[in-house]
Amino acid sequence: MLVEEVSAQILTISLKKRVSLRLAASEFFSRRPDLEHLKPAVRVLTTEVARRFKLLDRAAEVVLGLDPCRLDPYRRNLLRVLVFESMYRDIPLSRIEKVSLKLGLGKAQVRKLRETDERTLLRGLSYVERLSVKYSVPRWVIDELARARVPDLEGLLEFFMHDPPRYIRVSTHLVSREELARRLARYGIECVPDEDLHDLLYIVKMSTNLTKTEEYVQGLYHIQDKSSVLVGHAILSDLKKLGKTLVVDVTGGPGGKITHVSQYGYHCVGVDLSWRRVKEIERHVKRMHIETTDYVRGDSLNIPLRLDKFRIILVDPECTGLGRLHHSPEVKMWISRRDLIKHSKLQRALLRKIVKESARDTVIYYCTCTMTLDENEHQIKSIVEELNVELTDMEPFIGYSSPFLAKVQRLYPHLNKTTGFFIARLIKR
Ligand SMILES: C[S@@+](CC[C@H](N)C(=O)[O-])C[C@H]1O[C@@H](n2cnc3c(N)ncnc32)[C@H](O)[C@@H]1O
């Protein structure tokens with residue numbers, strides 16, 4: 001089987017099941033261990049194709065006169081792979097001849113693809129359509145990001161075309177940041193201290209997978225984006241004033257934020273609907289030798305805990321994840337407006353429930369890794385209007401305030417070198 005065929009199969013699994021490329025690949029290779037040697041090449045090829053899928057479809061239409069939508073999903077993805085290799089890879093055309101034959105295409109057609117440049121494909125398109133095709137993001141997403149007044153929108157979309165910045169959170173109860181950086185250097189992992197958060201390392205270069213070191217297994221660090229670590233610091237700054245008190249993350253799996261707060265000795269509880277996610281909290285708690293995190297499976301819409309016992313509550317619901325498109329470019333292939341509507345309904349229900357059941361003076365953090373108004377500012381505005389809750393300032397504040405709500409914090413991938421993120425701090429009155 002050719003590397004292109006394997007890649008097309010993995011893209012098809014990812015699209016059909018709406019799972020990450022990583023998960024789709026692990027499903028494929030568990031069935032075909034004889035092809036494991038293709039893994040690194042497939043990882044690169046599937047990621048690059050997912051990043052540009054709309055542009056590749058446009059090339060098939062404009063240059064070859066083919067409508068990819070009329071092909072079955074596997075052949076559509078094989079065509080995308082072929083177009084990608086013809087246009088963006090400096091390889092002899094003879095190397096992709098077998099693939100083109102499988103799609104019924106001749107040498108002349110492949111040569112035409114090779115001679116095509118992006119500008120030709122984008123000619124004649126409106127501004128929004130051009131952005132949508134060039135960066136392979138659905139049109140409605142561009143509309144939503146523009147509506148949210150994301151600064152330098154094209155800069156953001158361009159940033160999503162590359163590998164994301166990586167961070168690790170240091171288990172400061174086990175090792176110092178300097179010592180960990182020294183130890184990781186031995187694996188070819190070069191990291192520098194983050195300027196804003198004292199327990200964070202920014203990965204400059206890595207030649208070893210971050211989960212494959214002895215230090216990871218020993219729990220000396222956790223792979224976590226800066227935006228998410230920032231939420232832990234905001235909670236910790238409240239805890240400094242409130243003293244020892246209970247914290248709950250009502251959407252707690254896989255435990256990134258609660259294990260962070262607990263590593264400083266505070267008691268946290270994580271609730272999650274999914275058993276798999278609860279098991280992940282357990283795994284991280286054990287790995288990092290965290291003694292003050294508890295976890296329970298449950299539906300927080302009908303929460304199995306008395307919320308009036310907690311002075312700090314975190315609501316970090318599932319969202320469209322549009323702030324993570326550099327981490328998961330495959331999401332661009334399937335995300336739809338229906339997802340936005342579904343997520344915002346659940347977010348609203350969850351936030352309402354939590355605010356209603358919490359005690360007076362409880363601090364409630366609401367955060368998401370997306371940048372749409374419906375999932376962020378609109379949620380906060382409506383809860384403040386409807387229930388007895390106040391929007392307040394927070395610390396640390398290293399992002400940008402929203403043009404729609406001054407006290408909330410936004411993080412932009414291209415400006416903050418993080419995932420796209422939103423944080424609001426509320427107090428129940
Ligand atoms: C964005 S993740 C939370 C990340 C987590 N706070 C952390 O810091 O690691 C959202 C989580 O919400 C969980 N979830 C979704 N609906 C839920 C519900 N009704 N009750 C509890 N958890 C839910 C999902 O299983 C998922 O693990």
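**Notes on a predicted model**

1. Residues 24 or more positions apart make up 70% of the protein's contacts with a separation of 6 or more, a contact being two residues whose C-beta atoms, placed from the backbone, lie within 7 Å. Bear in mind that this is a predicted model, where local features need pLDDT of at least 70, side-chain atom pairs count only at pLDDT 80 or more, and totals for chains, interfaces and linings use all residues. Numbering runs from 1 along each chain as its sequence is written.

2. On overall shape, the C-alpha trace spans about 70 × 50 × 35 Å along its principal axes. You'll find 20 helices and 13 strands in the protein; these are DSSP runs, H or I of at least four residues for helices and E of at least two for strands, numbered from the N terminus.

3. As for burial, 45% of the 429 residues count as buried. That label takes 20 or more other C-beta atoms within 10 Å of a residue's own, with C-beta atoms placed from the backbone.

4. Now the ligand: 20 residues are around it, and Thr251, Gly253, Gly256, Lys257 and Ser300 come nearest. The elements giving two or more residues to this shell are α15 (256-262) and β6 (268-272). To be in the shell, a residue needs its C-beta atom, placed from the backbone, within 6 Å of the molecule.

5. Have a look at Gln409 too, in strand β12 (residues 409-411). Gln409 counts as buried because it has 25 C-beta neighbours inside 10 Å. Beyond its neighbours within four places in sequence, Gln409 is in contact with Met394, Phe397, Gly399, Ser401 and Ile423. Asp393 is 16 residues from Gln409 in sequence and 9.0 Å away in space, C-alpha to C-alpha.

Technical notes: A residue is buried if 20 or more other C-beta atoms lie within 10 Å of its own, exposed if 12 or fewer, and partly exposed in between; C-beta atoms are placed from the backbone.
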